[in-house]
Amino acid sequence: KPLDIATTAGATADISGALNTLPGTQKVGESGRLFVRGGAGYETKTFIDGMAVLNAYSSSAPSTPSRGRFSPFMFKGTSFSTGGYSAEYGEALSSALILDTKGVGIDDRGDIAIMSVGGSYSHNKSWENSSLSAKVEYVDISPYVGLIPQEIEWKQAPKTISANYAYRIKTSETGILKVYGNLDRSILQLARPKIDDENIKQSFALENNYQYINTTYKEVLNDHWLIRGGVSFTRQQEDINVDDIMVDQEDKGIHAKVVLENEISNQVSLRFGTEILTNEFREDIKENQLDIATLTYGQVLSASFVESEQYWSNNLATKIGVRSTYSKLTNSWRLDPRLSLAYKTGEYSQMSFAFGEFHQDAQSQWLKVNDQINPEKAAHYILNYQIVKDKRTFRIEGYYKAYDDLVKFDGQNLYNPNVYTNTGNGFAKGIDVFWRDSKTLKGTDYWISYSYLNTERDYLSFSETGIPSFASKHNVSVVYKKFFQSIKSMVGATYSYTSGRYYHNPNIEGFQNSQTKGYQDLSLNISYLMRSNVIIHGSVTNVLGFKNIFGYEYGEARNNDGLYNERAITQPAPRFLFLGIFITLSKNKGMNQMPNL
């Protein structure tokens, strides 16, 4: 729920930040994205009301974390699948993040946020059968950068202005039409000393413009049939300047889908649908204002799926599905079977098994050079046991993922299309454990998650099979939240530990031959209900100031000692401090509603 995300210490109200405290995820502090069960960040795809989102994260400087573009308070709930998900969702090798927007609003209200990093205003206007919500936000990190010592020399600290809106209308007693949109513009600029000569600084500047809109419709046709579908459009324009080199990119896509659901009986249901996904990419490269290269590709995917749920008894249920996809770019078909089975072992417990095959097109940075690269493939095998009783949840899950057809190339010839193949492969296997308890301690909600991961890959420019640099073997999170009625405050704490990650050190023999120290973070937050419509919220990450290192960068040539110079990849600053005042103004119910953080 949105409140889960907002009150999780260390997440700073970012959806991915909160989900990174759940089992199956790995902390990759220099990225900020979701890395799931040995999968890279691009292997997690985001869907809003079932419609695909391209570029769901904000742009950032090299080796600095990004945030999700979407506010959790625009959604009624967040569903996060770490594998074996429905045949309805494709183009995601590892994970699907499914966001469902709210229904028709029932009140007129405004929300004002005054923050240490900017401000925002949101408003909801309701009518008898419809509502319109909109939000405008301005974020400027400059004050924070001025107060907290930085590892980065910012010439222009990150600055973003964004707006989102949602219009919802009931078209009938059972039908609803939703229109959701998000716009934002961000800029940043920094200077970094070169590894081989700290007296020479490299300039990096970025300007990003982003638009996303989707329209969805759902209607119950009769006692047995339901129809839903929609269309989404994403467009991202990004200008990057690195010294005298300018890179202008445009990435845009359309997703259109229609789905029919049929309740054949109390024991059997059927879901089937079809969709089209398009993606157009263009990159223009200039040096000293002279045209160097233009790289483009265009993709059209046509997909259909069918899925059936069967309830064989009160204790046994199965879901069987298949997804078929045609790629216009490579003129190829692929078929992905999906299967899951759940057996109720007791009144509050069950076991389940899931299997599925998943494909995903290669990343834009490779397709722009060779658009005939085939999609990458993963097969998931998952066994799960869980028990949910009296506001307590225990869950343990084992999994195995087999990767095939991964992109592989010669790292010395990145712009030669002939060096790209689909000969890469790998595996990921592990165990996830989760415990959540909202009852034992009065006014307290806490959860503990642990993930064990064993993974190896031979892909990209790897010279041999090795552990990817984003993968960590052990991940632990402990999240604690307590509401103190006497002081009208909710206090939260999150402790995270991630074991060291492997990286390649060219100064010693072997491949992926070194390991960083473990990552640690203790974050705190507090929300004080000053009045019924005013909340003061403060948070600080990495309270104890752990110096976390995520890997190392190396120079281009050996120094006088015959070694490559190295530079640690660290956090931009040891801590992030946040303070905000959130005020709700409600016309319908006076000033007695909880504000949106």
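**A strand residue and its surroundings**

Tutor: Y552 has its place in strand 30, which covers residues 549-558; helices (H or I, at least four residues) and strands (E, at least two) are DSSP runs, numbered from the N terminus. This is a predicted model, in which local features need pLDDT of at least 70 and side-chain atom pairs count only at pLDDT 80 or more, while totals for chains, interfaces and linings use all residues. Residues are numbered from 1 along each chain as its sequence is written, and side-chain values use heavy atoms, with hydrogens and water left out.

Y552 counts as partly exposed because its relative accessible area is 24%, where buried means under 20%, exposed means over 50%, and partly exposed lies in between (1.4 Å probe, protein chains only). Leaving aside neighbours within four places in sequence, Y552 is in contact (heavy atoms within 4.5 Å) with Y503, E566, R567, A568 and I569.

R567 is partly exposed, because its relative accessible area is 25%.

The side chains of R37 and D432 meet in a salt bridge of 2.8 Å, N to O, and here the partners are 395 residues apart, with R37 in the loop between strand 2 (35-36) and strand 3 (44-48) and D432 in strand 22 (residues 421-437). Both R37 and D432 are buried. R235 forms a salt bridge with E250, with the closest N and O atoms 2.7 Å apart; R235 lies in strand 13 (residues 225-242) and E250 in strand 14 (residues 245-263), so this pair ties together parts that are 15 residues apart in sequence. R235 is partly exposed, at 28% relative accessibility. Salt bridges can also join into a network, and one such network links E88, R228, K257, E261, R271, E307, E309 and K319.

I320, L339, L341, Y343, M351, F353, Y381, L383 and Y400 make a nonpolar surface patch of about 790 Å². Patches are made of residues with over 30% relative accessible area and no salt bridge, like charges being joined within 9 Å and nonpolar side chains (Val, Leu, Ile, Met, Phe, Trp, Tyr) within 5 Å, and accessible areas come from the Shrake-Rupley method with a 1.4 Å probe. The elements that give two or more residues to this patch are strand 18 (332-344), strand 19 (349-360) and strand 20 (376-389), and the largest share, three residues, comes from strand 18. M351, one of the patch residues, is in strand 19 and counts as partly exposed, because its relative accessibility is 35%.

For a contrast, turn to some buried residues. L188 lies in strand 11 (residues 176-193) and counts as buried, because its relative accessibility is 7%. Leaving aside neighbours within four places in sequence, L188 is in contact with S60, A61, W154, Q156, P158, F204, A205 and L206. Of these, W154 is 34 residues away from L188 in sequence and 8.0 Å away in space, C-alpha to C-alpha. S95, in strand 6, is buried as well, because its relative accessible area is 0%. Beyond its neighbours within four places in sequence, S95 is in contact with V36, E43, T44, K45, F80, S81, T82 and Y85.

N288, in the loop between strand 15 (268-287) and strand 16 (290-311), has a positive phi of about 55 degrees although it is not a glycine. L460, in the loop between strand 23 (444-458) and strand 24 (474-484), has a positive phi of about 50 degrees and is not a glycine either.

Terms used:
Salt bridge = Lys/Arg side-chain N within 4 Å of Asp/Glu carboxyl O.
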